[in-house]
Amino acid sequence: MAPDVDFEKLVELHYKSLYRFAFSLTRSESEASDLTQQSFYIFAKSGGQLRDKTKVKSWLFTTLHREYLARRRRIVRFPETDFAEAQAELPVVEANFSTADAPAVLNALAKVDASFQAAVSLFYIEDYSYPEIAEILDIPLGTVKSRIARGVEQLKRLLVETPARRPA
Amino acid sequence: VTRAQAEEILLLHRRDSGAADNPELAEALRLAAADPELGQSLEKHLEFQASMVKQLRAIEPPSDLKARILASVTSVDPAAPTPAPMEGGWRFKRRHLLAVAASIILLIVAGDFWLARNREDAPTFDNFRSRMSSFAVRTYQMDVVTNNQAAVRQYLASHGAPADFKLTPALEKLPVKGGGRLSWQNQPVAMMCFALTNNQTAFMFVVDQNAIQQQPAKMEMASTRSFSSVAWKKDGKIYLLAADERPEALANLAP
C-alpha cells in the first residue's frame, strides 16, 4: 500500500463521491461498487508513485473513469465534439426542474449521449472546474465545455419529456 | 459580449463559480442583470443546476462498500504485479511503444529510401540508362510525331536539347517516328524514336557526356527482361539506344 497515506481516511473522504460518479455512469449498484473498489485497489497498488498528494482525489476519479471506459470500450465508441461546433446546435429549453427526483435525473442522464455523461456528472457531483474535469477525463478544455453544454441541454430536454415521479 | 453569447456563457455558469477571474462571465452576468428575460432564463437555469446537484448527491453507496474497499486493500503488496492493471496506463504505454516502433520503422524506411534516392540520383551512366529505359517502357510519349528527321532535330534544338548528333548508318536507314525533349539531372536529353521492322520502336537518347560524371571505360550492352540497350560515345555525346529487341539485333544498330 502507498506509504504515508492514511488509507482509511482517504476512503472515508472520497468513496461516496467516487461511487456517485460511478453510479451516474453505470446506473448499476454492483458495477458502481466494483469500479469504486477497483479504483482504491489500484491506488493501493500504485498510488505511492503519485508525487503530488493533493491530486489524490482527481487521480482516483481519473482511474475510475479509465476503468469504466475500458469496460465500455468493447461496446461503444465515443465521438469527440468541438465546442464551437456544438454551440450552433444548442436548443433553448425552459422548464421547471426543481421537482425532478433522483431516479428521474439518473434515467435522463442515462439517455444523454455516453460521451457527455462523465463530464456532466463531474460537473454536478463534485463541482469540479472545467480545467479539473479536462484533467480527469484527459480531454481538451473546449471539449469539456462542449460536452457539458450539450449534455446539460439534452438533460433538460429529457427531463421535460419525462415528468418527475411524485411521491404517493 | 452579445446577448446570444451571454446565453452561451451562462449555460456553463454555476451559482458558486466566481466571475472575478472571468471577464466574459462577468459581462454576461451584467447583461443578465440588465435584461429581465435573460435574467429570468438564468435563474431557471441555476435552479436546474441546483436541482441536479441535489439529486445526484443524494445517491448513497451501499452501506458495506467502505468496509469492502478497506478489506480489499489491506493485503495489497505494492511490489507485487497488479492483477488488474489500469487500462488507461497500459494503453498509454502500448500506444507510446507502438509510436516508437512505428517511428523506428519509418526512420529505417525513410533512410533506405533516402539512400536509394541518393543512389538513383547519382549522375552515373547506370542511372542514366536505367532512367531512360524506364521512361521508354513506362511513360513513353513523343513531343513531336513525324517521319521527318529534320523536324525532330529542329524541335530538339529549339528546346535546348542536343540536336546535332550523328546517327549510325544502320539508324539512318530506319524510319523516324518522332522525338522529344527529356531532362535528366537537370540536363537536356534528346530522344529520337525509330520504327523497327517488327512494329517495335527503338528509342535513342542523346545527352552531353559532361552530364554523366561516372562513365564506364567501355559502353556495354545491357539487357533486362523487357528491354535491351546499347550505348556509345561520340563527339562529346553519349548515345543510348533501347528497344524491346534481342541484344544482338540492337547491337547491329550501334556503331
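Residues are numbered from 1 along each chain as its sequence is written, and chains are lettered from A and ligands numbered from 1 in the order in which they are written. In this predicted model, local features need pLDDT of at least 70, side-chain atom pairs count only at pLDDT 80 or more, and totals for chains, interfaces and linings use all residues, while side-chain values use heavy atoms, with hydrogens and water left out.

Chain B contains nine helices and seven strands; helices (H or I, at least four residues) and strands (E, at least two) are DSSP runs, numbered from the N terminus. Of the 255 residues in chain B, 40% are buried, where buried means under 20% relative accessible area, exposed over 50% and partly exposed in between (1.4 Å probe, protein chains only). Among the contacts in chain B with a separation of 6 or more, 57% are between residues 24 or more positions apart; contact means heavy atoms within 4.5 Å.

An open sheet of seven strands in chain B has the order S1-S2-S3-S4-S7-S6-S5, with antiparallel pairing. Two strands pair if DSSP finds at least two bridges between them. Strands of a sheet pair through backbone hydrogen bonds, either parallel or antiparallel. In chain B, strand S1 (144–145) and strand S5 (222–223) are at the edges and have a single partner strand each, so one side of each is left without a neighbour in the sheet.

Within this sheet, S2(B) and S3(B) run antiparallel and are joined by eight bridges, with B:Arg181 opposite B:Ala190 in S3(B). The two strands S2(B) and S3(B) form a hairpin with two residues between them, and B:Gln185 in the turn has a positive phi of about 55°. S3(B) in turn pairs with S4(B) in the antiparallel sense over seven bridges; here B:Ala195 stands opposite B:Thr201 in S4(B). The hairpin of S3(B) and S4(B) has five residues between the strands, and B:Asn199 in this hairpin takes a positive phi near 65°. Seven bridges also link strand S4 (residues 201–208) of chain B to strand S7 (residues 237–243) of chain B, again in the antiparallel sense, and B:Val207 faces B:Ile238 in S7(B).

Helix H7 (residues 149–158) of chain B lies across S1, strand S2 (176–184) and strand S3 (187–195) of chain B, and runs at about 15° to S2(B). Axes are lines fitted to C-alpha atoms, for helices over the stretch in contact, and angles run from 0 to 180 degrees between N-to-C directions. B:Leu182 belongs to strand S2 of chain B and counts as buried at 12% relative accessibility. Neighbours within four places in sequence aside, B:Leu182 is in contact with B:Met132, B:Phe135, B:Gln187, B:Pro188, B:Val189, B:Met191 and B:Phe205. The C-alpha atoms of B:Leu182 and B:His159 are separated by 9.7 Å, the two residues being 23 residues apart along the chain.

A nonpolar core is a set of buried Ala, Val, Leu, Ile, Met, Phe, Trp, Tyr and Cys residues joined through side-chain atoms within 4.5 Å. The largest core has 63 residues, and those with the most contacts inside it are A:Phe7, A:Tyr124, A:Ile133, A:Ile148 and A:Leu155. Helix H1 (residues 7–26) of chain A supplies the largest share of this core, ten residues. Apart from neighbours within four places in sequence, A:Leu155 is in contact with A:Val105, A:Ala108, A:Leu109, A:Val112, A:Val120, A:Tyr124, B:Phe48 and B:Met52. A second, separate core of 26 residues includes B:Val230, B:Trp232, B:Leu241 and B:Leu253.

Over all chains there are twelve aromatic pairs. Rings of Phe, Tyr and Trp (its six-membered ring) pair if their centres lie within 6.5 Å; planes under 30 degrees apart count as stacked, over 60 as edge-to-face and the rest as tilted. A:Phe43 and A:Trp59 make an edge-to-face pair, with 5.5 Å centre to centre and 75° between the planes. A:Phe43 lies in helix H2 (residues 29–46) of chain A and A:Trp59 in helix H3 (residues 56–72) of chain A, so the pair ties together parts that are 16 residues apart in sequence. Both A:Phe43 and A:Trp59 are buried. A:Phe7, A:Phe40, A:Phe43 and A:Trp59 form one aromatic cluster.
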